[in-house]
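Subject: Structure for you to look at

Hello,

Here is the structure I said I would pass on. Please open it beside this message and follow along.

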Amino acid sequence: MLSETPSGRRRSKPPWWLRHRFAVQVLSLVFANSYILRAWKGFCYPVLNCWSCPAANFACPLGVLQNAASNAGYTLSGSGIRGLWAAIPVYTVGTLLLFSGLFGRMMCGWLCPFGFLQDLIGRLRKKKLLIRPAWSYVRYGVLVALVLVVPYYTHVPWFSKLCPMGALQGGLLQPLLNPDLRPMMHEWWWLKQGILLVTVVAMIFWRRPFCAVICPLGAIFSLCSRISAWEIRWDESKCVDCMLCVKRCPQGLDPRREVGGHRCVACLECQKCCPYDAIYSAPRWSPVRVREQESAGQATDHE
Ligand code: SF4
Ligand code: SF4
Ligand code: SF4
C-alpha cells in the first residue's frame with residue numbers, strides 16, 4: 001500500500017482535467033469527423049485524420065504538406081523569392097507550429113483519432129512487446145523522405161498513398177457509402193488495406209506502433225515539443241522510485257527519464273498516477289518546484 005509522501009504531506013489533488021483524457025479523445029474524434037463542419041475542409045486540424053473521409057471536417061496537415069512538396073517544383077521554377085514563398089504552405093506550417101509550440105505533443109496524447117484508435121485496439125492485449133528506442137528515429141526519415149523529398153521529385157504524395165488512416169477513412173468508408181467508387185478498387189487499394197491490416201494487428205502486440213515508429217506528424221510535434229510553452233517535468237527530489245509511472249505509461253517508457261522526450265506522447269498518465277507529485281506539467285518559464293521549497297512552506301506552516 002502506498003504510504004504518505006516523503007515530506008509527510010498528502011499529495012495535492014491532480015488537476016481535474018487529467019481524469020478526462022478518454023472523454024477528450026472521444027470529443028476530438030467527433031469534432032474531426034462530425035460531417036456538419038465539412039465546409040471547413042480548407043482548415044487544418046493538427047492531428048492524423050484523413051481529409052478524404054466522408055465525414056471529415058478538416059484537412060490533414062500531412063496531406064497539405066505533401067501536396068505543397070509535390071507542387072513546389074513548379075512553383076519554384078523561375079519565380080525567385082515570391083515562388084519560394086508560394087511553395088511554403090504557410091497556413092498549415094503556422095498551425096502546426098502554433099499548436100506544438102504551445103502544447104508540445106499533447107495533440108498526440110489527447111486529440112489525435114489515430115492515436116485514440118491505437119489506444120483502444122491496444123487494450124485487447126495487456127502484455128506488450130518492446131519497441132527499441134532506435135526505431136523511433138524512423139519517423140524522421142519518413143517525414144523527410146515520404147512527405148517532403150520524394151513527393152518533390154515525383155510530384156506524388158507518397159505518404160498519403162500508403163497511409164493506413166487514409167486506407168481506413170477514405171479507402172473503406174468512401175466505397176462503402178458510394179457504390180460508384182467500387183470498380184476503382186484495384187491493386188493499390190488492396191495494398192493499402194494490407195498496410196492497414198498489418199498496422200491494426202501490430203497495435204495489439206506493440207504500444208501505439210504507428211506513433212512510435214512511422215508517424216511523420218508525431219515527428220514534427222516531437223521536434224517542437226523541445227521548445228513548447230507547456231512542459232512536463234520530473235522532480236527527482238520528490239521521486240521515491242515506486243515505479244508506478246513506469247507501469248502506467250502507455251508508451252512503455254520510463255517517465256523518470258523520458259517524460260517530455262521525443263518518444264513521449266504527452267498523455268500525462270504518469271502525472272495522473274504519481275502519488276508523490278514528482279511529475280507535473282507547467283509553463284516552461286515557471287520556476288522549477290523542488291522539495292526544498294515544499295519543506296520551507298511546511299516550516300512556515302508550523303510556526
Ligand atoms: S504520432 Fe500518433 S497520435 Fe501523434 S499525430 Fe501521429 S498518429 Fe496521431
Ligand atoms: S515519478 Fe514515478 S517512480 Fe517517482 S514517485 Fe512518481 S510514480 Fe513513483
Ligand atoms: S512518459 Fe508520461 S506523458 Fe509520456 S507517454 Fe509516458 S505516461 Fe504519457
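Which residues are around ligand 1? They are Val47, Leu48, Cys108, Cys112, Phe114, Gly115, Phe210, Cys211, Cys215, Leu217 and Gly218. Bear in mind throughout that the model is predicted.

The elements that give two or more residues to this shell around ligand 1 are α6 (113-122), α11 (209-214) and α12. Sorted by class, the shell around ligand 1 has nine nonpolar residues, two polar ones and no charged ones.

Overall picture

The protein has 303 residues, of which 37% count as buried. Its secondary structure consists of 16 helices and two strands. If you take the contacts between residues at least 6 apart in sequence, 72% of them join residues at least 24 apart.

The other two ligands

Ligand 2 is surrounded by 13 residues, and the closest are Cys239, Cys242, Cys245, Cys274 and Ala278. Helices α13 (244-248) and α14 each supply at least two residues of that shell. By class, the shell around ligand 2 holds 11 nonpolar and two charged residues, with no polar ones.

Ligand 3 has 14 residues around it, the closest being Cys249, Pro255, Cys264, Cys267 and Cys270. Two or more residues of this shell come from each of α14 (255-258) and α15 (269-273). By class, the shell around ligand 3 has 11 nonpolar residues, one polar and two charged.

Valine 240 sits in the loop between β1 and α13. Valine 240 and alanine 278 are 38 residues apart in sequence, yet their C-alpha atoms are 8.6 Å apart in space.

Helix α4

Helix α4 covers residues 90-103, 14 residues in total. From its first C-alpha to its last it reaches 20 Å, close to the 20 Å expected at 1.5 Å a residue. Its buried residues are Thr92, Leu96, Phe99, Ser100 and Phe103. Seen down the axis of α4, these buried residues fall within an arc of 90 degrees, so they line one face of the helix. The face turned away from that buried side carries the exposed residues Val90 and Leu98.

What do the buried residues of α4 pack against? The partners are α2 (61-76), α5 (106-111), α12 (216-225) and β1 (230-234). After α4 comes glycine 104, which has a positive phi, near 65 degrees.

Is proline 46 buried or exposed? It counts as buried, because it has 23 C-beta neighbours inside 10 Å and the cut-off is 20 or more. Leaving out residues up to four places away in sequence, proline 46 touches Pro61, Thr95, Leu96, Phe99 and Met107. Leu96 and Phe99 are among the buried residues of α4. Proline 46 and methionine 107 are 61 residues apart in sequence and 7.1 Å apart in space, from C-alpha to C-alpha.

Helix α7

Helix α7 (residues 138-154) bends by about 35 degrees at alanine 145. The buried residues of α7 are Arg139, Leu143, Leu146, Val147 and Pro151. What covers them includes α2, α8 (158-162), α11 and α12. Just after α7, histidine 155 takes a positive phi of about 60 degrees.

Positive phi values in loops

Most residues other than glycine have a negative phi.

Arginine 208 is not a glycine, but its phi is positive, at about 35 degrees. It is found in the loop between α10 (187-205) and α11. Arginine 208 is buried, with 28 other C-beta atoms within 10 Å.

Leucine 268 also has a positive phi, near 65 degrees, and is a residue other than glycine. It lies in the loop between α14 and α15. How many other C-beta atoms lie within 10 Å of leucine 268? There are 23, so leucine 268 is buried.

Regards

Note on methods
Residues numbered from 1 in each chain as written. Chains lettered and ligands numbered in written order. Predicted model: local features only at pLDDT ≥ 70, side-chain atom pairs only at ≥ 80, totals over all residues. Near = placed C-beta within 6 Å. Helix = DSSP H or I, 4+ residues; strand = E, 2+ residues; numbered from the N terminus. Nonpolar A, V, L, I, M, F, W, Y, C, P; charged D, E, K, R; others polar. Expected span 1.5 Å × (residues − 1). Buried ≥ 20, exposed ≤ 12 C-beta atoms within 10 Å, placed from the backbone. Arc of directions from axis to C-beta. Contact = placed C-beta atoms within 7 Å. Bend = angle between axes of the 7 residues up to and from the residue.
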